[in-house]
Amino acid sequence: MKRRIWILICVLCLVLTACGKKENEQTTKHELSKNEIYIFFVNGDLTDVVKQEYTINPTNTVTENADELIKHYLEQKSSEEMQSPIPAGVEYLSSDFEKKHDRLVVSFNILYDEVQSDSLLFFKVCIVKTLLQLKDVESVSLSLTDLTNPDAETATVTEIFDADSFAMSFGNSNGYKQKGNIVLYFASSNGEELKEYHKSIEISNNVSLPEIVVNALIEGPEQAGYRATITKDTTIRNISVKDGICYVDFSDEFYNTENPIRNDIIVYSVVNSLVELPTISKVQFLQNGEKKPFFRETMPFDGLFERNLDLIEQEEGEESSGEEKNSSTEIKLEEKKE
């Protein structure tokens with residue numbers, strides 16, 4: 001089920017703002033030799049990406065070159081000019097080239113609590129931009145396994161990137177921006193089931209993904225055949241994630257008994273949507289910072305909520321067990337044009 005995100009996943013872009021573009025256009029372009037590529041690092045104060053020339057071995061396979069580049073990152077010592085984009089809390093496992101798809105799959109273990117969000121963004125940008133230069137590589141698949149998640153079926157999140165996946169913007173009040181897709185669960189037209197809904201969103205490093213997801217639920221669906229589960233006057237008092245648990249504190253409007261949607265449909269609309277994110281496995285609801293014993297006076301509400309597959313509308317020919325939906329998350333981000 002965890003196949004789109006965002007993740008925590010938000011990802012950086014590598015096209016500078018207009019001012020930066022003009023400055024780059026005025027500089028003389030350096031011609032790389034046949035076996036040279038650029039290897040991308042993070043600058044010393046974690047505000048930009050810098051690059052250096054690197055000569056690859058033309059006799060190596062794609063996998064061997066990828067392995068060599070990652071190990072070069074790991075051996076890189078930090079300086080005032082640049083540092084390795086692979087942060088502490090991320091462990092390199094392996095690389096594998098899928099010739100059928102011209103895709104390079106790179107696997108890591110990760111401890112999300114030890115990796116800051118900005119570091120994770122730069123990590124993805126630098127790794128992908130570097131590896132996409134290897135011959136025959138059309139896309140890079142980053143596979144991150146959360147070592148703190150005991151569920152083998154949901155611990156690994158896979159994101160796929162190609163040359164059009166990034167567009168970077170620095171030095172503005174809006175931060176880094178990217179378009180992506182999230183999965184939401186609204187009520188079906190009859191209000192009796194949850195129905196999967198895909199929404200294109202703009203991701204930035206100024207707003208967390210859980211907040212984006214919940215705000216999208218509040219905004220409601222834009223397609224026919226879906227019903228909003230949360231009233232539009234609802235607001236988020238606070239939302240945070242710790243140890244895989246998302247704590248959501250809604251305004252009083254969330255508990256309005258005039259909302260005709262069933263209690264369980266409302267609650268699991270929020271839970272199932274949030275659990276689609278790779279860093280969330282459970283949801284704890286709060287009101288004014290405190291646990292509430294019952295939702296709208298009838299539904300037990302003070303415990304931790306996990307994904308509920310039984311309420312999701314099943315498509316024709318789909319297994320009700322949801323086994324296929326518990327596979328690794330797979331996401332393809334779109335370019336954000338400035």
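Asn65 is buried, with a relative accessible area of 7%; buried means under 20% relative accessible area, exposed over 50%, and partly exposed in between, with a 1.4 Å probe and protein chains only. The model is predicted, and local features need pLDDT of at least 70, side-chain atom pairs count only at pLDDT 80 or more, and totals for chains, interfaces and linings use all residues. Residues are numbered from 1 along each chain as its sequence is written, and side-chain values use heavy atoms, with hydrogens and water left out.

Asn65 belongs to helix 2; helices (H or I, at least four residues) and strands (E, at least two) are DSSP runs, numbered from the N terminus. Leaving aside neighbours within four places in sequence, Asn65 is in contact with Ile56, Asn57, Asn60 and Leu134, where contact means heavy atoms within 4.5 Å.

Helix 2 covers residues 62-75, which is 14 residues, and reaches 20 Å from its first C-alpha to its last, close to the 20 Å expected at 1.5 Å a residue. The expected span is 1.5 Å times one less than the number of residues. Besides Asn65, the buried residues of helix 2 include Val62, Ala66, Leu69, Ile70 and Tyr73. Seen down the axis of helix 2, the buried residues fall within an arc of 135 degrees, so they line one face of the helix; the arc is that of the directions from the helix axis to the C-beta atoms.

Helix 2 lies across strand 1 and strand 2, at about 30 degrees to strand 1. Here axes are lines fitted to C-alpha atoms, for helices over the stretch in contact, and angles run from 0 to 180 degrees between N-to-C directions. An open sheet of 3 strands has the order 2-1-3, with antiparallel pairing; two strands pair if DSSP finds at least two bridges between them. Strand 2 (49-55) and strand 3 (82-83) stand at the edges with a single partner strand each, so one side of each is left without a neighbour in the sheet. Strand 1 (residues 36-43) is joined to strand 2 by 7 bridges, and Ile39 has Gln52 in strand 2 as its bridge partner.

Next come strands 5, 6 and 7. Strand 5 (residues 103-110) and strand 6 pair in the parallel sense over 8 bridges, with Ser143 in strand 6 as the bridge partner of Ser107. Strand 6 runs antiparallel to strand 7 (residues 156-162), to which 7 bridges join it. In strand 7, Glu159 is the bridge partner of Leu142, and Thr156 stands opposite Thr145.

In a regular strand the side chains alternate between the two faces of the sheet. In strand 6 (residues 139-146), 8 of the 8 residues are buried, so this strand is largely enclosed by the rest of the structure. Ser139, Ser141, Ser143 and Thr145 lie on one side of strand 6, and Val140, Leu142, Leu144 and Asp146 on the other. Strand 7 is likewise largely enclosed, because 7 of its 7 residues are buried.

A second open sheet of 3 strands has the order 11-12-13, with mixed pairing. Strand 11 (236-242) and strand 13 stand at the edges, each with a single partner strand, so one side of each is left without a neighbour in the sheet. Neighbouring strands of this sheet are turned by 15 degrees against each other on average, direction ignored. Strand 12 and strand 13 run parallel and are joined by 5 bridges, Val248 having Phe285 in strand 13 as its bridge partner.

Two helices lie across these strands. Helix 4 lies across strand 11 and strand 12, at about 140 degrees to strand 11. It is mostly covered, with 8 of its 11 residues buried, among them Leu209, Ile212 and Leu217. Just after helix 4, Gly220 takes a positive phi of about 90 degrees.
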